[in-house]
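Please look over the fold below before reading on. This briefing covers the strands, the core and the confidence of the model.

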Amino acid sequence: DYFNIYYDLEPWETTDKVTNESDNSKVLKVEYNQVEQSWEYTPLMAGEAKITIRCGNQSVVTKVIVEEW
């Protein structure tokens, strides 16, 4: 199973490339789904990962905690 993180771009019509990456790929896999045109985040094991979302010269970091399920 995967989940999404929703965010807004300003201006929304920007042509800057958006990238997403996890600092801990053993805990959280991040991939772009070409068909859905969205980023998918797949938990792989319990732990913590920080996701960095970049667009142009702007960026934001969010922490994800994956618990045993």
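The points below go by topic, starting with confidence.

This is a predicted model. Its average pLDDT is 93. An open sheet of three strands runs in the order β1-β4-β5, with antiparallel pairing. The largest nonpolar core has 11 residues.

**Confidence**

- A pLDDT of at least 70 is reached by 99% of the residues.
- Among the elements of the protein, β4 has the highest mean pLDDT, at 97.
- The lowest mean among the elements belongs to β3, at 94.
- Where pLDDT is low, predicted coordinates should not be read in detail.

**The sheet**

- In the order β1-β4-β5, the pairing is antiparallel and the sheet is open.
- Strands β1 and β5 stand at the edges with a single partner strand each, so one side of each has no neighbour in the sheet.
- Neighbouring strands of this sheet are turned by 20° against each other on average, direction ignored.

**Strand pairing**

- β1 spans residues 18-22 and β4 spans residues 47-55; five bridges join them in the antiparallel sense.
- Across this pair, Asn20 stands opposite Ile53 of β4.
- Glu21 stands opposite Thr52, also in β4.
- On β5, residues 58-66, the antiparallel pairing with β4 runs over nine bridges.
- Here Ala49 faces Val64 of β5 as its opposite residue.
- β4 and β5 form a hairpin, with two residues between them.
- Gly56 lies in that turn and has a positive phi of about 60°.

**The nonpolar core**

- Which residues make up the largest nonpolar core? They are Val18, Val27, Leu28, Trp39, Tyr41, Ala49, Ile51, Ile53, Cys55, Val64 and Val66.
- Two or more residues of this core come from each of β3 (38-43), β4 and β5.
- The largest share, four residues, comes from β4.
- In soluble globular proteins, nonpolar side chains tend to be buried together.
- Ile53 belongs to this core and also stands opposite Asn20 in the strand pairing.

**Contacts of Tyr41**

- Leaving out residues up to four places away in sequence, Tyr41 touches Tyr2, Phe3, Asn4, Ile5, Asn20, Leu28, Lys29, Val30, Ile51 and Ile53.

Technical notes
Residues are numbered from 1 along each chain as its sequence is written. This is a predicted model: local features need pLDDT of at least 70, side-chain atom pairs count only at pLDDT 80 or more; totals for chains, interfaces and linings use all residues. Side-chain values use heavy atoms; hydrogens and water are left out. Two strands pair if DSSP finds at least two bridges between them. A nonpolar core is a set of buried Ala, Val, Leu, Ile, Met, Phe, Trp, Tyr and Cys residues joined through side-chain atoms within 4.5 Å. Buried means under 20% relative accessible area, exposed over 50%, partly exposed in between (1.4 Å probe, protein chains only). Contact means heavy atoms within 4.5 Å. pLDDT is the predictor's confidence in each residue, from 0 to 100. Axes are lines fitted to C-alpha atoms, for helices over the stretch in contact, and angles run from 0 to 180 degrees between N-to-C directions.
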